[in-house]
Amino acid sequence: MAKSFVADHPNSKVLIVASDIVKYSPGTSGEPTQGGAAVAMIVSADPRLLRIEPYSGIYTTDIADFWRPATASEAMFDGRLSAHNYLKSLEYAFNEYLHKSKLHLNEIDYVCFHSPFCKMARKAARQFFPNKDIENTLIYNAVIGNSCSASL
């Protein structure tokens, strides 16, 4: 939304603040993936740090893998279903991105992955970049845990 707003109003800047808190009960299979993160950034027409490509790949489907009932303080989840669909969704969305942008894999320098746990990010990277070493990109994830999507 911020990118679209700035495209329509190039003299404007948009401040984005996003945070995530992921909490599971001790001893559950979700416990190793809990964590928290936050980010603040400014989106402008003339960025100093990062330029967002004009293309995107989108894939959506209804998956009952993660939910939190209104009466609960912790999420319920199906980790295997979630992991399987993460990789499937990534494949569809990334292939659509490549098709729209007309880019080839060897032309892509950086990719950010939702990283609920380091192994998931490794699997995601191997799906498209089997020879790239991403270990140095997982340092913060190993320390802070799951940064979900908002603070990615």
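How many disulfides does the structure hold? The count is 0, a disulfide being taken as a pair of cysteine sulfur atoms within 2.5 Å. The structure is a predicted model, so local features need pLDDT of at least 70 and side-chain atom pairs count only at pLDDT 80 or more, while totals for chains, interfaces and linings use all residues. Residues are numbered from 1 along each chain as its sequence is written, and side-chain values use heavy atoms, with hydrogens and water left out.

Back to the cysteines. A disulfide is a covalent bond between the sulfur atoms of two cysteines. For cysteine 112, the closest cysteine sulfur is that of cysteine 118, and at 15 Å it is too far for a bond. Cysteine 112 is exposed, at 62% relative accessible area, whereas cysteine 118 is buried, at 16%.

As for the overall layout, the protein chain has 4 helices and 4 strands, and along the sequence they come in the pattern α-β-β-β-β-α-α-α. The C-alpha trace spans about 50 × 35 × 30 Å along its principal axes. Of the 152 residues in the chain, 27% count as buried. Among contacts with a separation of 6 or more, 60% are between residues 24 or more positions apart, where contact means heavy atoms within 4.5 Å.

Next, the inside of the protein. The largest nonpolar core has 16 residues, and those touching the most other members are Tyr86, Leu90, Phe94, Ile108 and Phe113. Two elements, helix H2 (79–101) and helix H3 (118–128), each give two or more residues to this core. The largest share, 6 residues, is from H3. Such a core is a set of buried Ala, Val, Leu, Ile, Met, Phe, Trp, Tyr and Cys residues joined through side-chain atoms within 4.5 Å. With its neighbours within four places in sequence set aside, isoleucine 108 is in contact with Phe94, Tyr97, Leu98, Leu103, Phe129 and Lys132.

The loop between H2 and H3 has a couple of residues to look at. One of them is lysine 102, which is exposed at 65% relative accessibility. Lysine 102 has a positive phi of about 60 degrees despite not being a glycine. For background, most residues other than glycine have a negative phi. Valine 111 is also placed in the loop between H2 and H3 and counts as partly exposed, at 31% relative accessibility. Its C-alpha atom is separated by 24 Å from that of arginine 80, a residue 31 positions away along the chain.

On to the charged pairs. There are 3 salt bridges, scored when a side-chain nitrogen of Lys or Arg is within 4 Å of a carboxyl oxygen of Asp or Glu. Arginine 51 pairs with glutamate 53, with 3.4 Å between the closest N and O atoms. In this pair arginine 51 is exposed at 58% relative accessible area, while glutamate 53 is partly exposed at 30%. Lysine 100 and glutamate 96 meet at 2.9 Å, N to O. These two are 4 residues apart in helix H2, so about one helical turn separates them. Lysine 100 is partly exposed, at 38%, and glutamate 96 is partly exposed too, at 26%. The side chains of arginine 122 and glutamate 135 form a salt bridge at 2.7 Å, N to O. Because arginine 122 lies in helix H3 and glutamate 135 in the loop between H3 and H4, the pair ties together parts 13 residues apart in sequence. Arginine 122 is partly exposed at 28%, and so is glutamate 135 at 37%.

Last comes the surface. Ile139, Tyr140, Val143 and Ile144 make up a nonpolar patch there, with about 460 Å² of accessible area together. Patches are made of residues with over 30% relative accessible area and no salt bridge, like charges being joined within 9 Å and nonpolar side chains (Val, Leu, Ile, Met, Phe, Trp, Tyr) within 5 Å. Isoleucine 139 lies in helix H4, residues 139–144.

Conventions
Buried < 20%, exposed > 50% of the residue type's maximum accessible area, 1.4 Å probe, protein only. Areas by Shrake-Rupley, 256 points an atom, 1.4 Å probe, with all protein chains shown as cover.
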